[in-house]
Amino acid sequence: MLFILTTTSAFALLLSACQPEKGVVTEEVVVTAAPEPAAAKTFMGMVNEAMAEVPVISPQEAQKLMEQDPNVLVIDPRDAADIPYTGIVPGAMNISYEATMTAVALVLLFSLPAARGVARIVENKRHTFTIGGASFVGILIAPWAVTTTNWLLGSPDHALPTIPVLAAMSIAYTLGEGLGRLGCISYGCCYGKPLSACSKVVQFLFSRTGFIFYGDMKKVAYEAQLDGEMLVPIQAITCLLYASGALWGSYLFLNSSFTLALVFTIGLTQLWRRFSETLRADFRGFGTISLYQKMGRASVIYISIVACFI
């Protein structure tokens, strides 16, 4: 009973305190409705917003730019069969869907089987795939794929430009492999060395950002028993480096520096491949210098020669 009386008294005091006294001006409390949620954007709405940010020029302005700067490249993505009906900007280069898909198909025809074949040769494993081997074969085949495509289509007016096409392929490969390293993080493959086995400089750099994997199904666990240990985050480093390199390569490409974009992206990916293996602990073949490292160096030399003579 004492508790009930006390609670009732406290409540009465609270009410009396809230009552305004005579002659006292009280502030008026304004209650506003919650703002309406923003309407969801549609796909076409986002397309229109993106197009509003892209400057549009007329064919006359495009031709004037080409006359002022010989490095300007205008690409017409329509098929060659449509050109006679609608015309083409004078000086523009027609890159047809048929030619593009033919060149890509020729590259994949050799590089996809190489993903397994090279792994079997280098690592002596029958049931595994390698991006390093597939990319090496793709780099070797790509210039010949473009040349073969131009020969098969037999239309010199709409032939694929070799260096710009190779640069576009290289940029796409750089971005693709960079994003693919996210899968390596998920699966626990292509893992780095334990920090305890690295130099003090490496330990200092990655002492707070190293990777620790858990789970028996992670490759780092069943192949090297390194689950639970802090490792060099080599997958994340490669992801960030390649994604940044692809963006810079795209900038060079859009500024008509096709040769530089090609050499830069190939040099970045292949030379990093050679260096990054010094920070990795997964099996990549036999020998102090793996075949993948030798492939990376050979790719840089090969593309440099192609860039010089085409």
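Trainee: How do the axes of α6 and α12 cross, and how close do they come?
Mentor: In this predicted model, the axis of helix α6, residues 131-153, comes within 10 Å of the axis of α12, and the two cross at roughly 15°.

Trainee: Are they roughly parallel or roughly antiparallel, then?
Mentor: They are roughly parallel to each other, because angles under 35 degrees fall in that class.

Trainee: What is the handedness of the crossing?
Mentor: The crossing in which α6 passes α12 is left-handed.

Trainee: Staying with α12, where does isoleucine 305 lie?
Mentor: Isoleucine 305 belongs to helix α12, which covers residues 291-309.

Trainee: Which residues make the nonpolar surface patch?
Mentor: The patch is formed by Ile301, Ile305, Phe309 and Ile310, and its area is about 470 Å².

Trainee: Why does isoleucine 305 count as partly exposed?
Mentor: Its relative accessibility is 47%, and the partly exposed class lies between the buried limit of under 20% and the exposed limit of over 50%.

Trainee: Changing topic to charges, how many salt bridges does the whole structure have?
Mentor: A search of the whole structure gives six salt bridges.

Trainee: Which residues are linked in a network?
Mentor: Glu123, Lys125 and Glu223 are linked by salt bridges into a network. Another joins lysine 125 to glutamate 223, with an N to O distance of 3.4 Å.

Trainee: What does the pair of lysine 125 and glutamate 223 tie together?
Mentor: Lysine 125 sits in the loop between α5 (97-123) and α6, whereas glutamate 223 is in helix α9, residues 219-224, so their contact ties together parts that are 98 residues apart in sequence.

Trainee: And is glutamate 123 buried or exposed?
Mentor: Glutamate 123 is buried, as its relative accessibility is 9%. Lysine 125 is partly exposed, with a relative accessible area of 24%. Glutamate 223 is also in the partly exposed class, at 26% relative accessibility.

Trainee: What about glutamate 177, which side chain does it meet in a salt bridge?
Mentor: The partner of glutamate 177 is arginine 181, at 2.8 Å from N to O. Both residues of this pair are buried.

Trainee: How are those two placed in helix α7?
Mentor: Glutamate 177 and arginine 181 are four residues apart in helix α7, residues 162-187, and are therefore separated by about one helical turn.

Trainee: Moving past that helix, where is cysteine 190 found?
Mentor: Cysteine 190 is in the loop between α7 and α8 (200-206). The residue is buried, with a relative accessible area of 17%.

Trainee: How far apart are cysteine 190 and lysine 219 in space?
Mentor: Their C-alpha atoms are 8.6 Å apart, while 29 residues separate them in sequence.

Trainee: One more residue: where does phenylalanine 258 lie?
Mentor: Phenylalanine 258 lies in helix α11, residues 258-276. At 13% relative accessibility, phenylalanine 258 counts as buried.

Trainee: How many residues apart in sequence are phenylalanine 258 and leucine 166?
Mentor: They are 92 residues apart in sequence, and the C-alpha to C-alpha distance between them is 8.6 Å.

Methods:
Residues numbered from 1 in each chain as written. Predicted model: local features only at pLDDT ≥ 70, side-chain atom pairs only at ≥ 80, totals over all residues. Heavy atoms only, no water. Patch = residues over 30% accessible without salt bridge, like charges linked within 9 Å, V, L, I, M, F, W, Y side chains within 5 Å. Areas by Shrake-Rupley, 256 points an atom, 1.4 Å probe, with all protein chains shown as cover. Salt bridge = Lys/Arg side-chain N within 4 Å of Asp/Glu carboxyl O. Buried < 20%, exposed > 50% of the residue type's maximum accessible area, 1.4 Å probe, protein only. Axes fitted to C-alpha atoms, helices over the stretch in contact; angles between N-to-C directions. Parallel < 35°, antiparallel > 145°, perpendicular 65-115°, else oblique. Left-handed = near helix turned anticlockwise from the far one by under 90°.
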